[in-house]
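Morning, everyone. I have one structure to walk through today, and I'll keep it quick. Please have a look at it first.

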Amino acid sequence: MKGGGGVGDGKKDYQAAVHEGLTTFDQLGIALEDVGKSLEAETATTGGGFLPRIIFRFRNETSSLKRRSFDPTNDLVNMSVVPAETSYVLFFQVLFPFVVAGLGMVFAGLVLSIVVTWPLFEEIPEILILVPALLGLKGNLEMTLASRLSTLANLGHMDSSKQRKDVIIANLALVQVQATVVAFLASAFAAALAFIPSGEIDWAHGALMCASSLATACSASLVLSLLMVVVIVTSRKYNINPDNVATPIAASLGDLTTLSVLAFFGTVFLKAHNTESWLNGVVIVVFLLLLPFWIKVANENEGTRETLYNGWTPVIMSMLISSAGGFILENAVRKYHSLSTYGPVLNGVGGNLAAVQASRLSTYFHKAATIGELPNAWTIHRFTSFTRAFFSKEWDSRSARVLLLLVVPGHICFNVLIQLFTYTSKDNITPHGALFTSLYMIAAIIQVMVLLYVCQFLVSLLWKMKIDPDNSVIPYLTALGDLLGTGLLFIVFLTTDYFDPDELLAPKH
């Protein structure tokens, strides 16, 4: 009996302890609720003590993002989705691809300064209008592809081999669709611009430009897209943020590859134009017949299907903007031959840096919010502040400062290389005096600051409008960079010519 009584007493003691504990817990909960109400009332005034403020902040930070109130000058953001790298890490991750990209742009400028003297550009000068539009494909297609794949990689959507295969094939097909359409429209727009001064259309020249444009765009885009895939998969494997690496590498080879391919195909088709005129028509028909196949493949993936149907506005608008830059370039090169050497460098550096910022911002928005709603209850008005964009303590402002830091030393190095490579050239005198260099650096800083400011505003605006910035922002930025860069560079040459004409002596043939 004692034993049974002992067990019964133990059960009673245990039940009493549990009941007492639950009662105490309930009382604690009621007490905390009362304290919370009083703290909320206290923090509405300025007399709150240190401990109440700490508890209140703890309670605030554990609430949902939607219930927070934010000071626009000191936002509390979800730090788990902010890019983890410091300014130093960002600087060194961007530095190497930036230098490689710059070298590619220097060589692209040198190639352009040479090929503009070839029979292709002398017999058909309007093909020069195509150059910025075709070079802009790296922003329309390859750099956009890099940004899109970087976001997917950072979100973990390319970790398995099946995911990688589906995403890569669909995106390669999408790029071919975009390349075909943009190249065809660019050649038509170039022919229309050529019609303005002459008042007549040369259909044979139009066919040559269309064939050259299609062959250049599709082949160069395929090669560069495959390279982007390799870079992004490798970066992901070695824990390098592909947002910092992929777009600069796309820019590094984009200009040089596209210019070289255009010069090659243009020369081949020029010979065909003079001997076998039917060949240009066949090339056009073949590329257009391949278009339905690429559309079918791209349509099978949900991610690329959206871009296939709704992603044409930025691509076509940026092509038109770049072509306007091409119209300026055609007239500027006639007056200042050496401008063709600096154009790809100035345009490329600005678009390159802006594309890095756009890719990083887009990845952050994808992680932090649902498309159509800005993160942390922000409003579009927040992104109109120039001070916030460049001089605040926020992570994207810090990134903008790091990217701006690369502009002047980068251009100095690239310009020194241009001088070295053209030192022995008698046909291409490149200006390098103090006046020209100072004006050039001012133009470069203005261009990049405008692009970075537009970048952060445009990403937030398009996100709010439920448009994926990965597919839309970089085309606008690179096209605007081409137009701004070409216009500012022309002004630099005109100003230098006015104050120091000996700096811009025309080459003597």
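Some ground rules. This is a predicted model, so local features need pLDDT of at least 70, side-chain atom pairs count only at pLDDT 80 or more, and totals for chains, interfaces and linings use all residues. Residues are numbered from 1 along each chain as its sequence is written, and side-chain values use heavy atoms, with hydrogens and water left out.

Overall picture. The protein has 18 helices and zero strands. Those are DSSP runs, numbered from the N terminus: H or I for helices, at least four residues, and E for strands, at least two. There are 509 residues in the protein, and 50% of them count as buried. Buried means under 20% relative accessible area, exposed means over 50%, and partly exposed is in between, with a 1.4 Å probe and protein chains only.

The accessible surface comes to about 24,100 Å². Carbon and sulfur atoms hold 67% of that. Areas are from the Shrake-Rupley method with a 1.4 Å probe; for residues, only the protein chains shown count as cover.

Now contacts, meaning heavy atoms within 4.5 Å. Take the contacts in the protein with a separation of 6 or more: 83% of them are between residues 24 or more positions apart.

Next, helix packing. Two packed helices are described by the angle between their axes and the distance between the axes. Here, helix 3 and helix 16, residues 407–422, pack at about 35 degrees, with their axes 10 Å apart. Which residues of helix 3 and helix 16 make the contact? From helix 3 we get Phe-98, Val-99, Gly-102, Leu-103, Val-106, Phe-107 and Leu-110. From helix 16 it's Gly-410, Phe-414, Leu-417, Ile-418, Phe-421 and Thr-422. On method: axes are lines fitted to C-alpha atoms, for helices over the stretch in contact, and angles run from 0 to 180 degrees between N-to-C directions.

Stay there for the surface. Val-99, Leu-103, Phe-107 and Phe-421 make a nonpolar patch of about 310 Å². Helix 3, residues 87–115, gives the most to that patch, with three residues. Leu-103 sits in helix 3 and counts as partly exposed because its relative accessibility is 33%. The patch rule: residues with over 30% relative accessible area and no salt bridge, like charges joined within 9 Å, and nonpolar side chains (Val, Leu, Ile, Met, Phe, Trp, Tyr) within 5 Å.

On to salt bridges. A salt bridge is a side-chain nitrogen of Lys or Arg within 4 Å of a carboxyl oxygen of Asp or Glu. How many salt bridges does that rule give? Six.

Start with Glu-330 and Arg-334, at 3.0 Å, N to O. They are four residues apart in helix 12, residues 312–335, so about one helical turn separates them. Glu-330 is buried, at 9% relative accessible area. Arg-334 is exposed, at 59%.

Then look at Arg-388. The Arg-388 side chain meets Glu-394 at 2.8 Å, N to O. Arg-388 also bridges to Asp-396, with the closest N and O atoms 2.7 Å apart. Are Glu-394 and Arg-388 buried or exposed? Both are buried. Asp-396 is buried as well. Arg-382, Arg-388, Glu-394 and Asp-396 are linked in a network of salt bridges.

Now backbone angles. Most residues other than glycine have a negative phi. Asn-376 has a positive one, near 55 degrees. Asn-376 lies in the loop between helix 13 (339–368) and helix 14 (386–391), and is buried at 3% relative accessible area. Lys-466 also has a positive phi, about 65 degrees. Lys-466 is in the loop between helix 17 (434–464) and helix 18 (469–499), and is exposed at 60%.

Last stop, Thr-267. Thr-267 is in helix 9, residues 242–274, and is partly exposed at 27%. Which residues does Thr-267 touch, not counting those up to four places away in sequence? Trp-118 and Leu-120.

That's my tour. Questions, please.
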